[in-house]
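Work through the exercises below with the sequence and the 3D view open. Try each task before you read its solution.

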Amino acid sequence: MSRALENRIALVTGASRGIGRAVALELARNGAHVIALARTQGALEELDDDIRAVGSAATLVPCDLKDFVALDRLGQAVYERWGKLDILVGNAGLLGPVSPLAHIDPPQWDEVMAVNVTANYRLIRSFDALMRASDAGRAVFISSGAGNKANLSPYKGLYATSKAALDAIARTWAAETQTTSNVKVMVINPGYVRTKMRAQLMPGEDPSTVAPPESVAPKIVAMCMPEWTETGRIFDVPSDALHNFRGPA
Ligand code: NAP
């Protein structure tokens, strides 16, 4: 295994399970120091053991992404310890209620928008200067094809709305950093992945028919490498194609 990310600092949200955990471990295998954020401390400690086992180190951040002030404090702490952030993987997300828009309770709406949208804006606010301080800042946001095809996704309107907003945030940040920094900002639609969220959406599905998180993690980590050159684009895992925003069907 190459250690191409040795001495690089990577923040992964939603690192306690699913896609985020697999990405955190893959980054560590490539030598990165992983700042692993999620609410479930025990799961983060298990990840820490696995990261040590592959010869890297982690900093655990047991934190609710809705605690926006904590995200500000995290930016300050990363500045004081490293003076830069090389990699940001905005992965954490909530599916929210699968129900008609009119049946969604306002607190459910607010929670999904807080985690899927506002937290990513707050991370950008906290880490923009630190990403620009890196010689090759790389951000990858985990979105969903649902954001692009809300007309085909009845009952997932809250989730689709949040992912469309996330796409807009990423597209904006990509444009803002394109000519003034070495930062590249990508979005990935991971396709169907065998996680707790997938089981929540499709409780009757045989999990063995769905791709494991480990299959998508290397595609995300490839976008975290200093030699990655694209910015402001969506990578669609089901088709393995790169699209401009609003591109994939
Ligand atoms: P998952 O297994 O449910 O994992 C979600 C992660 O987000 C967990 O680590 C969870 O950690 C974290 N999280 C949730 N709320 C949080 C909060 N308030 N504060 C901090 N962390 C929080 O889901 P997944 O399938 O891996 O999803 C990862 C990303 O992929 C999501 O953005 C999702 O929309 C996207 N995606 C997934 C699929 C799929 O088929 N699985 C398809 C398309 C897109 P804690 O509970 O420990 O806080």
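**Exercise 1.** Explain why Asp128 and Arg132 are separated by about one helical turn.

*Solution.* Start with the positions. Asp128 and Arg132 lie 4 residues apart in helix 4, so about one helical turn separates them. Next, check the side chains. Asp128 and Arg132 form a salt bridge, with the closest N and O atoms 2.9 Å apart. The term salt bridge means a side-chain nitrogen of Lys or Arg within 4 Å of a carboxyl oxygen of Asp or Glu.

Before going on, note the ground rules. This is a predicted model, in which local features need pLDDT of at least 70 and side-chain atom pairs count only at pLDDT 80 or more, while totals for chains, interfaces and linings use all residues. Residues are numbered from 1 along each chain as its sequence is written, and side-chain values use heavy atoms, with hydrogens and water left out.

**Exercise 2.** Find the salt-bridge partner of Asp50 and state which helices the pair links.

*Solution.* The partner is Arg21, at 2.8 Å from N to O. Asp50 sits in helix 2 (residues 41-53) and Arg21 in helix 1 (residues 18-29), 29 residues apart. Helices are DSSP runs of H or I with at least four residues, strands are runs of E with at least two, and both are numbered from the N terminus. Asp50 counts as partly exposed because its relative accessibility is 31%.

**Exercise 3.** Give the strand order of the open sheet and name the strands at the edges.

*Solution.* The 8 strands run in the order 3-2-1-4-5-6-7-8, with mixed pairing. Two strands pair if DSSP finds at least two bridges between them. Strand 3 (58-62) and strand 8 (241-244) stand at the edges; each has a single partner strand, so one side of each lacks a neighbour in the sheet. Now look inside the sheet. Strand 5 (residues 138-142) pairs with strand 6 (residues 184-189) in the parallel sense, over 5 bridges. Val140 stands opposite Met186 in strand 6.

Definitions and conventions:
Buried means under 20% relative accessible area, exposed over 50%, partly exposed in between (1.4 Å probe, protein chains only).
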